[in-house]
Amino acid sequence: MSAQLIDGKAIAAAVRADVRAGVEDWTQAGHAPPALRVVLVGDHPASASYVRAKIRAASEAGVDSETIHLPADISELDLLALIDELNTSPTVDGILVQLPLPDHIDDSKVIHALDPDKDVDGFHPENAGRLVIGEAGFVPCTPAGIIEMLERSGIETSGAHAVVIGRSNIVGKPMANLFLKRGTDATVTVCHSRTKNLAEIARQADILVAAIGRPHFVTADMVKPGAAVIDVGINRVEDASRERGYRLVGDVDFEAAKEIAGWITPVPGGVGPMTIAMLLKNTLDAARRRHEHTAVEA
Ligand code: NAD
């Protein structure tokens, strides 16, 4: 293997330790622990397991976290009423609504209803807009985690050509905007399902981010020698040798790409753990910011 492995688990553990220390300082200064409320609608097994992992990590960091588990048939109106309650609660700092929601509920309506100052997932249009114009706000956890990984691995972004494959609101678009930010200063290309000559563009990347949702989409011939390859994808592929009948793979053909790349993230154990770590960081920030606002208003 020529590429250096970017160990997301180890980097996430370091971020979580920093958050834990920050929470300790915060509570020692006389504040209540940052409070995170995670709203889970229905019993989607993957969503339930993501929520469990978030709550566990939050508790370990000293964050006061709680899941609000609602039945799958809750009405949109009742869900919006609950969001309103959490928005106005003086003891709640961060709200996360686990997506996707059941079909009869409009995800975007619910995201619009969140107080942007409690939107620790960074999905509210106000936070999306702040990111675009370079103002402080909440940044979606997965792309924020990728920037953190690159920084902590000593990978230079200034002047680097970053190619992002995928243009979702959760990963691709905020990723591109983070690369563009002053201080990060990459030159950015965004590719998507209609991009022509994608392999040729990918080969020009100093930093290649794959956020597509297709196993082994990025092949070795799409990687520039020495590039940093960041694999966001989480895909289930059948594997009869595993008890559960499947294994998780990314969007990158890891075995082949690692022979060409300079750095590479594994799946699992790469970007995934960073997403949770950044959620905790955002929750601590939410508590600090709310305190500042309240202090100014008082
Ligand atoms: P999405 O389905 O919303 O977006 C996928 C993007 O890929 C689209 O913008 C589309 O244009 C692009 N795409 C699809 N087919 C393509 C093709 N043939 N060529 C070029 N581009 C193509 O997905 P998403 O929410 O951005 O997630 C992407 C992947 O990342 C999924 O596997 C998801 O599970 C994973 N994910 C992981 C984390 C994490 O914490 N590691 C977080 C979010 C998403």
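## Backbone exceptions, a buried aspartate and a ligand site

Pro268 lies in the loop between β11 (263-264) and α10 (271-297). Helices (H or I, at least four residues) and strands (E, at least two) are DSSP runs, numbered from the N terminus. This is a predicted model, in which local features need pLDDT of at least 70 and side-chain atom pairs count only at pLDDT 80 or more, while totals for chains, interfaces and linings use all residues. Residues are numbered from 1 along each chain as its sequence is written, and side-chain values use heavy atoms, with hydrogens and water left out.

**Backbone.** Most residues other than glycine have a negative phi, and most peptide bonds are trans. Val267 is joined to Pro268 by a cis bond, with omega near -5 degrees. Another cis bond links Leu99 to Pro100, with omega about 0 degrees. Pro100 sits in the loop between β4 (94-97) and α4 (107-113).

Asn197 is not a glycine, yet has a positive phi of about 55 degrees. Its loop runs between β6 (187-191) and α8 (198-202). His216 also has a positive phi, near 55 degrees. His216 belongs to the loop between β7 (207-210) and β8 (228-231).

**Accessibility.** Buried means under 20% relative accessible area, exposed over 50%, and partly exposed in between (1.4 Å probe, protein chains only).

| Residue | Relative accessibility | Class |
|---|---|---|
| Cys141 | 3% | buried |
| Cys191 | 1% | buried |
| Asn197 | 53% | exposed |
| His216 | 40% | partly exposed |

The structure holds zero disulfides (pairs of cysteine sulfur atoms within 2.5 Å).

**Asp251.** This residue is in the loop between β10 (246-249) and α9 (254-257). Asp251 is buried but has no salt bridge. A salt bridge needs a side-chain nitrogen of Lys or Arg within 4 Å of a carboxyl oxygen of Asp or Glu. The nearest side chain of opposite charge is Arg214, 8.0 Å away. Lys and Arg count as positive, Asp and Glu as negative; His and the chain ends are not counted. The Asp251 side chain does reach the backbone nitrogen of Arg214, at 2.9 Å. Beyond four places in sequence, Asp251 has contacts (heavy atoms within 4.5 Å) that include Gly213, Arg214, His216 and Asp231.

**Ligand.** There are 21 residues around the ligand (a heavy atom within 4 Å). Arg167, Ser168, Val232, Ile234 and Thr275 come nearest. A ligand oxygen is 2.6 Å from a side-chain N or O atom of Ser168. A ligand oxygen is 3.1 Å from a polar backbone atom of Ile234. A ligand nitrogen is 3.5 Å from a polar backbone atom of His192.

Methods:
A polar contact is a pair of N or O atoms within 3.5 Å; within protein, one must be able to donate a hydrogen and the other to accept it, and residues adjacent in sequence count only if both atoms are side-chain atoms.
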